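This briefing is meant for a reader who is meeting the structure for the first time. It begins with the terms on which the description rests and then goes through the chains, their sheets and their contacts by topic.

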Amino acid sequence: MRKVSLDSINKVFGKISESNKLYLPVDGSDGVAVYTEWSEGKEWSNALNTVRSPKDFFFPQVENLMEFKTSGKNIELVDIRDEKEDFVIFGVRACDVRSFDILDRVFLSDPVDSFYASRREHGIIVSVACSKPSETCFCTTFGIDATNPAGDVTAWKTEDSVYFKANTEKGEAFMKKIEDLTEECDDSAVTAQKEKIAKIMEKLPLANLSADAFGGGKTDTFFNAPEWDELSATCLGCGTCTFVCPTCQCYDIKDFNTGNGVIRYRCWDSCMYSEFTKMAHGNNRISQKERFRQRFMHKLVYYPENNEGIFGCVGCGRCLAKCPISMNIVKVMKKIGGNKSE
Amino acid sequence: MNNMEETLIPKIGVITDVRIDTPDIKTFRVVTPDGKKAFDHRPGQCAMLSIPGVGEAMFSITSSPTNTEYMEFSIKKCGCVTEWLHQAEVGQQITIRGPYGNPFPVDDVFAGKNLLFIAGGVGLAPLRSVINYCRHYRDRYGDIDIVYGSRSKDDLLDYKEIIEEWSQDAGVNVHLTIDNPQEGWDGHVGFVPNFVKELGFDTNKTAVLCGPPIMIKFTLEGLISLGFDKTQVYTTLELRMKCGVGKCGRCNVGSKYVCKDGPVFRCDELEELPDEY
Amino acid sequence: MQKITQNQLVEKAVSLLTDGTVSAVLGWKKGEFDYDITPAVFKTADEIKENFVWNDFCGANFSKYLVAQAGKHEGKILVFLKPCDTYSFNQLLTEHRFDREKVYAVGIPCEGMADIAKVKELVGDGIVSIEADGDSLKVSTLYEDAPALVNAKDVMAERCVNCKSKKHVAYDELMGEDGIVLESNRFDEVARLEAMTPDERFAFWQNELSRCIRCNACRDACPACTCEKCVFDNPASSVENKAPANSFEEKMFHIIRAFHVAGRCTDCGECSRVCPQNIPLHLLNRKFIKDINEFYGEYQAGAEVGLRAPLVDYTTEDLEPGEVFDRGDKDA
């Protein structure tokens with residue numbers, strides 16, 4: 001394990017930025033943390049998490065896929081994929097790191113999505129353990145350890161230092177770059193922090209939330225549950241949950257006519273939107289209840305069925321904080337799965 | 001340059017023939033600009049066709065894989081992309097990518113069996129690729145019965161081929177019907193589900209169904225009343241699709257992605273899916 | 001902080017439900033924490049007694065839900081309306097969006113709602129409970145042994161700080177006392193923006209709107225946005241888009257939406273309350289209201305049912321278009 005004093009962390013950022021683009025949570029003008037490219041003067045935010053999740057780096061909200069030039073009856077296709085450069089995402093929380101695994105299973109399964117794959121290959125993830133979990137956190141429900149996140153490098157931030165441990169080759173290469181700025185140390189401070197935070201995690205209001213009622217093979221059990229009516233009654237169908245969620249992966253492919261060509265791009269879409277399943281012959285999900293149900297069935301039943309029991313939720317709590325009408329996956333799990341949180 | 005293979009990036013195709021089949025269905029012949037098939041496929045699979053700036057949509061490949069010269073698509077005019085295609089001329093380039101979807105099990109499950117094809121309207125399009133495959137490898141299959149119905153005789157797709165080729169094959173029985181009586185038609189009149197019951201098929205067959213959802217529902221009921229089991233009946237579904245490879249979520253029903261786990265499903269597999277298709 | 005209590009509202013709802021005046025109740029439902037209140041439709045007295053909540057976090061405006069809910073139930077639906085909600089109620093009625101006969105409206109007084117983000121800024125994270133304590137909120141967290149006492153006025157939502165009216169302009173029954181229309185400073189921030197140079201103003205909005213993720217929460221929460229098919233969801237409109245293809249587009253969405261609701265926006269503040277990125281969208285709408293007041297005379301949408309909005313009405317006192325152009329020239 002190596003460490004650097006918290007006062008000198010900007011030197012680390014400076015060193016890394018010499019060779020790679022470095023992104024980390026920085027407080028915006030509205031006080032909300034957002035992943036920003038580091039430059040001299042930018043301060044690493046103390047916020048628990050950002051509103052926009054780091055899935056943006058691998059699965060951006062808008063991504064141009066290819067371009068076309070048409071003339072008369074002819075079409076010319078231009079492959080605009082370029083080689084990405086290595087970049088570092090610093091300060092990723094355990095929940096968001098797990099979300100990358102969930103997205104990998106979709107985008108890196110055959111046929112591999114080359115857009116996602118190339119970004120993922122070049123991304124170096126430095127995760128940081130949580131020191132002040134929020135009441136909206138429930139990563140433990142999905143087996144995630146907030147005190148020991150995965151990633152190429154795991155970091156722990158204490159009152160005076162930042163500790164690092166490399167986990168992969170990419171991580172070791174990262175550590176090599178900042179070798180001169182860091183010093184060897186033992187892991188006593190880290191162990192102490194892990195224990196302290198673990199105790200806090202046990203006291204969180206949602207600590208006892210269990211996902212045991214859900215999983216693959218439960219389509220029949222839950223699809224026709226009468227509770228869906230009540231849960232979806234006041235859902236606005238706005239899609240905020242989908243867009244702040246680190247694991248939501250639905251997208252749309254559209255063409256944009258620039259005036260002298262066509263760009264085919266993909267952009268985030270939401271199964272909550274009324275037009276999502278609309279086709280020439282109608283729409284198989286005509287009311288908000290069906291769309292609401294689809295999103296949660298996908299995360300709690302369909303995704304685990306196709307992915308060895310892994311759930312499509314990481315307990316980051318963003319939907320708890322951001323839904324305009326305070327509906328969220330916790331309320332769904334408790335109502336439909338009959339959970340008690342005592 | 002990213003040199004990885006990318007299924008979302010299509011090939012360029014060109015329309016070399018446009019045949020008007022019915023008032024709202026045209027059949028398009030597509031090859032690459034140098035005159036070859038864009039790719040090989042298996043019966044029942046589909047391809048994504050697009051016109052840049054208009055849109056992209058999934059269509060079943062109606063020609064059999066045994067046709068080595070070109071691919072055919074029978075397309076009904078009902079939305080943006082199809083409307084645009086319907087006014088396209090020979091020589092128009094389009095983009096094409098595929099093949100997508102799981103095909104009909106023509107080489108394992110169907111081998112050696114008697115086959116009963118039941119189609120309604122444009123639903124004949126995907127089944128035609130299977131029918132012509134089976135006709136090409138005729139001795140691998142038993143009796144072939146084809147029940148096909150449409151609104152009127154002008155709405156019967158592939159009519160010429162049905163009369164001049166399919167009906168003429170040994171061991172192939174064609175049963176046509178139209179919904180309402182029409183002058184110039186002295187064949188059967190009535191809806192496909194009732195026609196199937198009237199014909200009273202023996203259950204020693206494997207059935208393949210395709211057509212409007214309501215036709216599939218009632219025909220399946222009809223087959224069951226004749227003694228068929230759901231495990232003997234196959235169908236192919238249609239949903240809005242965007243990526244075609246089970247990632248974008250649009251065609252996700254239950255734990256299946258219709259573009260990747262389907263569009264061909266056995267009817268007992270459909271039971272396990274929520275009623276959302 | 002609220003003058004009327006949860007018990008009073010629960011009693012009212014239960015009595016109206018059990019005596020058959022209404023067959024459903026639109027109210028605020030208890031969540032996991034004391035501040036995550038969900039709008040809900042209550043059908044039984046037991047549900048109301050167990051889950052109905054009334055506290056400083058009941059900002060949600062129910063008027064828009066009436067479009068879907070009124071007429072969906074056997075009898076009438078009860079809706080609790082704070083003063084600001086009553087303006088949206090009238091505006092929706094003016095636009096014939098729901099059947100008045102199917103609704104039983106109860107006006108309730110409001111001293112202002114709290115903004116959880118402001119509470120967290122003062123007190124920190126890990127909140128386990130929030131209780132009202134006179135004019136304060138007692139906030140207990142995981143990280144402090146003793147609960148913090150926060151002055152409710154310090155954490156009030158922006159739209160409540162600039163409350164425009166404590167008067168209920170629509171109700172079948174009123175609980176508590178009615179209030180009056182207030183002199184508020186709600187156009188101060190708009191005036192501040194107007195005083196900026198065009199470059200400064202552009203930089204301000206560029207900074208705010210670049211955070212927009214096109215989640216559509218503002219549109220879906222807004223009582224003035226009740227189009228069954230929004231222009232932004234319509235492929236034939238050419239502005240249909242789920243994500244900005246360029247940075248101009250994300251501004252275009254908000255400017256177009258502000259224009260579409262101009263003259264019908266009652267300044268209820270829901271748009272800013274629901275925005276996950278804290279964009280002060282209400283400022284755009286308030287600018288339009290300020291302009292409408294100046295160009296066409298003082299106008300408050302929803303003050304009465306049947307008011308003709310200035311933009312769909314013509315009088316000979318209307319401002320000449322040239323005046324607006326001249327005014328724009330002054331700013332340049």
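A nonpolar core is a set of buried Ala, Val, Leu, Ile, Met, Phe, Trp, Tyr and Cys residues joined through C-beta atoms within 7 Å, and a residue is buried if 20 or more other C-beta atoms lie within 10 Å of its own, exposed if 12 or fewer, and partly exposed in between, with C-beta atoms placed from the backbone. By these terms the largest nonpolar core has 253 residues, and those with the most contacts inside it are C:V79 and C:A114. This is a predicted model, in which local features need pLDDT of at least 70, side-chain atom pairs count only at pLDDT 80 or more, and totals for chains, interfaces and linings use all residues. Residues are numbered from 1 along each chain as its sequence is written, while chains are lettered from A and ligands numbered from 1 in the order in which they are written.

**Chain A: overall form and domains**

- The secondary structure of chain A comes to 11 helices and 14 strands, where helices (H or I, at least four residues) and strands (E, at least two) are DSSP runs numbered from the N terminus.
- Along its principal axes the C-alpha trace of chain A spans about 65 × 65 × 40 Å, and 48% of the 342 residues of chain A count as buried.
- Among contacts in chain A between residues at least 6 apart in sequence, 69% join residues at least 24 apart, a contact being two residues whose C-beta atoms, placed from the backbone, lie within 7 Å.
- Chain A is assigned domain 1 (2-203) and domain 2 (219-337), with bounds that come from an automatic or database domain assignment, and the C-alpha centres of these two domains of chain A lie 25 Å apart.
- The contact between them takes 32 residues from domain 1 of chain A and 26 residues from domain 2 of chain A; on the domain 1 side, β4 (62-71) and α2 (94-107) of chain A each supply at least two residues, and β4(A) gives the most, with nine residues.
- That side of domain 1 of chain A has 15 nonpolar, nine polar and eight charged residues, where Ala, Val, Leu, Ile, Met, Phe, Trp, Tyr, Cys and Pro count as nonpolar, Asp, Glu, Lys and Arg as charged, and the others, Gly among them, as polar.

**Chain B: overall form**

- Chain B contains six helices and 15 strands, and its radius of gyration of 18 Å is close to the 19 Å that the globule rule gives for 277 residues, so chain B is as compact as a globular protein of that length.
- The C-alpha atoms of chain B fill a box of roughly 60 × 45 × 35 Å along the principal axes, and 53% of the 277 residues of chain B count as buried.
- Residues 24 or more positions apart account for 70% of the contacts in chain B with a separation of 6 or more.

- Chain C is divided into domain 1 (6-113 + 163-174), domain 2 (116-152) and domain 3 (188-331), and 35 Å separate the centres of domain 2 and domain 3 of chain C, taken over C-alpha atoms.
- Leaving aside residues up to four places away in sequence, C:V79 touches C:L26, C:F62, C:L66, C:V103 and C:A105.

**Sheets**

- Strands of a sheet pair through backbone hydrogen bonds, either parallel or antiparallel, and two strands are taken to pair if DSSP finds at least two bridges between them.
- In chain A, an open sheet of eight strands with mixed pairing has the order β3-β2-β6-β7-β8-β9-β1-β10, and its edge strands, each pairing on one side only, are β3 (33-37) and β10 (183-184) of chain A.
- Strand β2 (residues 21-27) of chain A runs parallel to strand β6 (residues 87-92) of chain A and is joined to it by three bridges, A:V88 in β6(A) being the bridge partner of A:L22.
- In chain C, five strands form an open sheet of mixed pairing in the order β2-β1-β3-β4-β8, with β2 (38-42) and β8 (173-174) of chain C as the edge strands, each pairing on one side only.
- Five bridges join strand β1 (residues 24-29) of chain C to the antiparallel strand β2(C), in which C:P39 is the bridge partner of C:W28.

**Contact between chains A and C**

- Contact between these chains involves 40 residues of chain A and 33 residues of chain C, and on the chain A side α8(A) gives the most, with three residues.
- The residues on this side of chain A divide into 21 nonpolar, 10 polar and nine charged.

Conventions. Rg over C-alpha atoms; globule rule 2.2 N^0.38 Å.
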